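Reader: Please show the structure first, and then take the questions in turn.

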Amino acid sequence: NRGIMIKFSGAIIWTYDLGRLRHFYEDILGLNPHSVKDHFIAYKWGNLRFSIGSHSEITDNSIEPLRIMLNFDVKDIKNFANSLKRNDVKFLREPEKEHWGGWVCTFQDPDGNTIQLLQQPDH
């Protein structure tokens, strides 16, 4: 199997409240949906997809919010973080510079999933 190429194509967050997550990812984070169905919404960057969907087996928030962390690149992390704060997003880690030259901050979506913003270093 070593000769078979595998490529990461995306991730899905399942939720019990799709409307609440859609509001967060679109109205607060500013993602534009690629495809919208009754119980499933996909966002797309090139060949990479991030999706959210309703699932009958999900009945509460994430019980281990740090197990998986979604990363989103932004151009100006301080201004982006301030816009999130104006929308009552609570940060686990305020924006701070990393040893590799970029900036990082973390917060959670309404279901308790951890999101990390990255501002890549200027090179």
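Reader: Which residue in E3 is the bridge partner of Pro33?

Author: The model is predicted, with local features needing pLDDT of at least 70 and side-chain atom pairs pLDDT 80 or more, whereas totals for chains, interfaces and linings use all residues. Residues are numbered from 1 along each chain as its sequence is written, and side-chain values use heavy atoms, without hydrogens and water. E2 and E3 (residues 40-45) run antiparallel and are joined by four bridges. In E3, Pro33 has as its bridge partner Tyr43.

Reader: What is the bridge partner of Glu96 in E7?

Author: A second open sheet, also mixed, has the order E5-E8-E7-E6. Four bridges join E6 to the antiparallel strand E7 (residues 103-108). The partner of Glu96 in E7 is Val104.

Reader: How many aromatic pairs are counted?

Author: Rings of Phe, Tyr and Trp (its six-membered ring) pair if their centres lie within 6.5 Å; planes under 30 degrees apart are stacked, over 60 edge-to-face and the rest tilted. Ring pairs link Phe24, Tyr25, Tyr43, Trp45, Phe50, Phe72, Phe91 and Phe107 into a cluster. The count of aromatic pairs is eight.

Methods. Two strands pair if DSSP finds at least two bridges between them. Helices (H or I, at least four residues) and strands (E, at least two) are DSSP runs, numbered from the N terminus.
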